[in-house]
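This briefing is meant for a reader who is meeting the structure for the first time. Please keep the sequence and the model open while reading the points below.

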Amino acid sequence: MTQHQNHGNHDHGSLKSYVIGFVLSIVLTIIPLVLVMNQMLEKTALVITILVMAILQFVVQLFFFMHIREGEKPRYNVQTLILGLVIVFTIIAGSIWIMMFNKY
Amino acid sequence: MSGGKMLRQIHFWILAALTTVLLSGCGSEYLVLNPKGPVAETQYNLIIISTILCAVIIVPVLALTAFIVYRYRDKPDNKAPYKPEWAHNTALEAIWWGIPVVIIAILGYFTVRDTYVLKESPNKEVAPMTVQVTALDWKWMFTYPEQNIATVNHLEIPVGVPVHFQISAEAPMNSFWVPSLGGQVYAMAGMATELYLQADEPGEYAGFSSNFSGEKFAHMQFKVVAKPKEEFDQWVKEVKGTSPAMTKEDYNELKKQGLSEKKLYSAFPEGLFEEIVQRYSHGHDMDHVMKKQPAPTGDKSKETSQETQQSTDMSNMHGMDHSSMKH
Amino acid sequence: MWEDIKEFASTFFVTGDPLIYGADVSIVLTMLAIVFVLTKYKKWGWLWREWLTTVDHKRIGIMYLISSLLMLFRGGVDALLMRLQLAFPNLEFLHADHYNAIFTTHGTIMILFMAMPMMFGLFNMVVPLQIGARDVAYPFLNALSFWLFFLGAMLFNLSFVIGGSPDAGWLSYPPLSQNDFSPGPGQNFWIWGIQISGIGSLATGINFIVTILKMRAPGMTLTKMPLFSWSVLSSSIMIIFAFPILTVTIALLFLDRFAGAHFFTMDGGGNPMMYLNLIWMWGHPEVYIVVVPAFGIFSEVVATFSRKRIFGYKSMVWALMAIAIASFFTWAHHFFTMGTSASVIAFFAISTMVIAIPTGVKVFNWLFTMFRGRISFKQPMLWTIAFIPCFLVGGATGVMLAVAPADYQYHNSYFLIAHFHQVLIGGVVFGYLAGIYYWWPKLFGFKLDEKLGRWGFWFWNIGFYICFMPQYALGFMGMTRRYYTYGWDRGWEDLNLVSTVGAFMMGIGFIFQVWQIAYSIKHGERDTTGDPWDARTLEWSIPSPAPFYNFAVVPHVKEADDWWATKQAKANGTYKQEPAHLEPIHMPKNSGIPIIMSTFWFLIGFGFTFGWVWMAVVGFIGVAVCMWVRSFQYDTDYYVPVDEVRRTEASLGRVL
Amino acid sequence: MMANHHDHSHGHDHHEEHEQLKVLGFWIFVVTDCILFGTLFATYAVMMHSFAGGPTGKELFEMPGIIASTFILLTSSFTSGLAVLAMNKGKVKELIGWLAVTAVLGLAFVVLEINEFTHLAHEGATIATSGYWSAFFTLVGTHGLHVTIGLFWMVALMMQLKRRGINAVTRRKITNLSLYWHFLDVVWIFLFTVVYLMGVM
Ligand code: HEA
Ligand code: HEA
Ligand SMILES: [Cu+2]
């Protein structure tokens, strides 16, 4: 699509990828919405499903909008992101785990 | 100054300091090193084990340091080998990744084992007695749900009986610590933490608040008296006979900021402790601690007639979920 | 009107204590003296152009260094006051509230306003030189970081004379730090002082990560990078992940105090334990943030003064990274006694002990660097050698603390105090001092006097053991931290007195060091070679003090310890001089925005501290305007012409 | 690594490299922002049931507004992507146009959020109501604040583009801005899921 590149920049996405990303994220928003508004699943299953949808949507944004695959090597940005996500997970899961008091 | 001389001095001081600590370690003022009950005993053993395990590696490394620094000092006549490019040796490096792993594994085993052990009563033969501890600004209130008495800054317990402490606060966070009997646990508003302690020898033990809680924190200490079961029962009777009962007003007075003398009460408002916990509860499930309790606490016994009148105005306390505490 | 002003002044200014009057007077006098000297010698313009607006990493480093030494003095005086009060039982030298304020400021200042800036000072003074870069990745941001730190620290220190000091411990646990128990501005000073400087720290972390990853001289692959730079990378990684947590945590505490929120309050569903949980998620990595660069310094110093390549370079790098990551999984060891479940406690006990493994690897590698080397006992090396036994013992007591059930006995006792001073002083302070002695000639062009330095060294060292070894014993006796006094009945008096003596010996050591600096400015041995220690890394290949553009020609690195290799090659005649090809050098322009913007941050902090929202609003607008203006600036750099480079080099004795 | 052994007398090349550097720095900043939100999410998770007798989210949330703002933000993420496409094609006008659309959508989002907050305050839920509401307002409010700051930034960039067109510096700034905007969208998705969807379940 975008042949017109000065300075030999990488190809920062194409219209197609943006449109696919957009459609996917809309779909991934509507599914949990419908599930929740109509209480279609049992509670735990529902929570898990909508969290998975959110994560999928994050992945979609990463690949189709933020172009995580592109860019120069080594991919310091990807490494930082992964480490950051690990820490975020630790913060959230750790807090919940620790703050459940008085239980074995 | 030469390196050797310097090192000898460093070593002299470290050793001097360590010996002071260790030699005097037997002195009775070293509360932690003179355990008077099974919990403190367990912890004492862990302290010894961990000291030894650490020493096993630290002492040789200290010696090695001294040796290397002495041997390879830059002296014109030093005949020790000099290999400026020698910078890698897989076997050696494997050793020093490996040895600490082993030590940590052993230490970890003991740690985990005792962590679980100390969550339980240290003595399975004898049924534990419950004492509720409330940290106030800057004093400790103890309520005995089974005996239905209460004390301030003074705790008496029977020897040989595990005591199940339920600990909360109506003040900034404190920590309940009786080093001779065992380690501490935090006292926090809106939560009930637990701690088992047991005294094996009669005696008087020092109790501390070890979490900073403001101006008069340094004086927030209490005394623990452990005595044989019969004497303890005798003491309970005495308190019941001679001391006033604690009223709601007394409690409100007590919780105001300030220090307090030792105090004894022949009774306390029913469910006082639970009420204190519930007042600040932040959505935590307290069942686990509460259900170990024999019965709703406080003055519901009809033995001493003068106390009954107080229990009536306690019965319609709001904000309490009695059902969750019934068993 | 007059009455109002009097009323206001009596709450605004802290009064009632000779110490504070003394401080007031000395602050005013110092200020007047500075203003007088600057005016008399017409130095205002110079100060502004050369220092306040500089974006040169070396100057910023020097400013960090000076501020941190001042803070070491303030924190040290606090320590000595505490030790005086504790020297004898029932002493009435300090009241409880003074004592509480003093240990709070001591801890906060030592870690956040002494250790952190000293560390950033070393980052700045060394990293670009060591990796062959002309500056850091974002020089403007670097200046901003410094000024944010500086004004945050000033805000915090102001609490001593205005409004009242914080007094709820260096980590201000709620509910004690909430309005109910700590009304007044003291806690707000704590919150905003740390918040403002914390933003600066975060920016520094980002800055150095990018600098190290992206600005190394050609040929310097990561595996050829000096270990100090590696340690800075490791520390910066921890900074970028830990500091946002701090920012949020104290912002929430502030919302509790200011907006009546219920995060950590006793009532309203607040949960003070959540604060402990969050603050230690930052607090634990924080102590490794400050110690890891010290590890890097030791690695450089040990290799240089053993005249030998560092042993086990790869292990060292792995260990640094392992420490950085693992430090995020141990935070709960600070509240083993909170009554959480056994599985939580067991997990965090093990994860804590695991840190001993990579740390131990580093110790062994240092030892084996000295092994078969030739050790010369210059000042940097002295501090390094003193560090090893001190840190070993301190680390071992750390492992003992990690044994959770035993920690129920140590927690909050003087055993803990002894542990962390041993790692903080033996590790961090000794390490940074080693670094300062080591790189001082590169920054200032002269060495610090050996003889005075040795006096300082011995006083610090012997004083240290006398001060802190007895504290382990006091812990076993049940002496709890943060006691402003104790009675005769406990048997604590002897050891406390000994400890106080040791503290004063460290104070004397510090005085020797101040003397040493003053003396060496005049009499110190000048460094004309640029390489006074016969060292190994790139920073020693350029003249001392380094010119503002660092490298006239960016070096091409061929191996680890490139400068050492070059010297070797020159010595045995295999060195091929490549023709120096000078080019105009691209440099950033100075900017006044960092200091102005930070001043507005100061206003925000000051305004919120006293609840003067209007002032905070002014501050916010000021910050926004500064950012806006900066965004529109495109003319932010310039080229140094070849002629000027040639002239500068010639004046430094180098012919190109 | 700075692979600039060759000519750096060309200021041009140097600029390009420097700008590349700034993209990495900004990316790292975004990751730190992730941690910031993660901490707020953790707080929210722990305070999820701390209503202290006050209103719950389920009682007060009005989903239509929330759903609307979700789609608005999603769309704006898409349009900011289109802006980058326009930039890559070198079309300044188109670029500014898409930025303007994005800004308008962002503004609508902020207005809806302010609306929601006033509604909640009317119903008696403010930051001082209970632990739950403190966590709610801080989490959602911090996101809103980020969006607002993004709007100012966008305006500043549109002005700069007008004045200077597309060059290495503005290119880098737009890249960073769109990164930031996508990131805010991602954060919102999690907010929407955890706070609102799970709140009304
Ligand atoms: C620079 C600062 C620094 C450093 C490096 C450390 C290092 C360590 N710390 Fe320390 N710590 C603090 C600063 C530091 N600490 C502070 C400030 C506090 C208190 C804060 C407060 O409450 O105010 C604290 C508190 C603290 C606690 C909480 C105690 C309590 O509150 O009750 C614990 C518990 O686990 C702990 C453990 C450790 C461990 C295991 C290490 C390890 O990293 C040590 C590892 C090093 C070694 C072990 C030596 C070398 C290793 C070998 C030679 C290998 C072989 C050794 C063995 C197998 C034993 N520390
Ligand atoms: C890097 C961190 C660091 C450093 C270097 C130090 C250095 C010292 N610390 Fe500190 N300390 C902490 C971090 C640090 N500390 C922290 C985090 C706490 C916990 C706070 C809390 O509980 O909240 C603490 C707490 C603490 C306590 C416990 C207080 C209590 O709980 O009641 C004590 C007590 O002995 C103490 C002592 C000392 C001493 C003697 C030094 C010595 O090394 C100081 C050496 C002295 C100097 C460098 C002074 C030089 C000045 C002069 C020579 C001038 C003399 C002039 C006059 C007296 C007017 N510190
Ligand atoms: Cu820690």
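Donors, in what follows, are N, O and S atoms within 2.8 Å of the metal (3.2 Å for Na, K and Ca), and sites may look incomplete because water is not among the atoms. With that in mind, the iron atom of ligand 1 and the copper ion (ligand 3) are 4.6 Å apart. This is a predicted model, in which local features need pLDDT of at least 70 and side-chain atom pairs count only at pLDDT 80 or more, while totals for chains, interfaces and linings use all residues; side-chain values use heavy atoms, with hydrogens and water left out. Residues are numbered from 1 along each chain as its sequence is written, and chains are lettered from A and ligands numbered from 1 in the order in which they are written.

**The metal sites**

- The iron atom of ligand 1 has His419(C) as its only protein donor, through NE2 at 2.2 Å, and His419(C) lies in helix α15 (residues 414-444) of chain C; helices (H or I, at least four residues) and strands (E, at least two) are DSSP runs, numbered from the N terminus.
- The copper ion (ligand 3) is coordinated by ND1 of His284(C), NE2 of His333(C) and NE2 of His334(C), at 1.9 to 2.1 Å, and its donor residues follow the sequence spacing H-x48-H-H.
- Distant parts of the chain are linked here, with His284(C) in helix α9 (residues 272-306) of chain C and His334(C), 50 residues apart from it, in the loop between α10 (313-326) and α11 (342-354) of chain C.
- His284(C) has a relative accessible area of 3% and is therefore buried, where buried means under 20% relative accessible area, exposed over 50% and partly exposed in between (1.4 Å probe, protein chains only).

**A helix pair in chain C**

- The axes of helix α6 (residues 139-158) and helix α7 (residues 186-214) of chain C come within 8 Å and cross at roughly 160°; axes are lines fitted to C-alpha atoms, for helices over the stretch in contact, and angles run from 0 to 180 degrees between N-to-C directions.
- The two helices, α6(C) and α7(C), are therefore roughly antiparallel to each other, given that angles under 35 degrees count as roughly parallel, over 145 as roughly antiparallel, 65 to 115 as roughly perpendicular and the rest as oblique.
- Residues making the contact (heavy atoms within 4.5 Å) include Leu141(C), Phe149(C) and Gly152(C) of α6(C), together with Trp190(C), Gly193(C) and Ala203(C) of α7(C).

**Two buried residues**

- Thr211(C), found in helix α7 of chain C, counts as buried at 0% relative accessibility, and its C-alpha atom is separated by 4.8 Å from that of Ala137(C), 74 residues apart along the chain.
- Asn77(A), in helix α3 (residues 76-99) of chain A, is buried with a relative accessible area of 18% and touches Leu24(D) and Trp27(D), not counting residues up to four places away in sequence.

**Backbone features**

- Most residues other than glycine have a negative phi, and most peptide bonds are trans.
- A cis peptide bond, with omega about -15°, joins Asp137(B) and Trp138(B), and Trp138(B) is in the loop between β1 (129-136) and β2 (139-144) of chain B.
- Ala52(D) has a positive phi near 50°, sits in the loop between α1 (11-46) and α2 (57-60) of chain D, and is exposed, with a relative accessible area of 51%.
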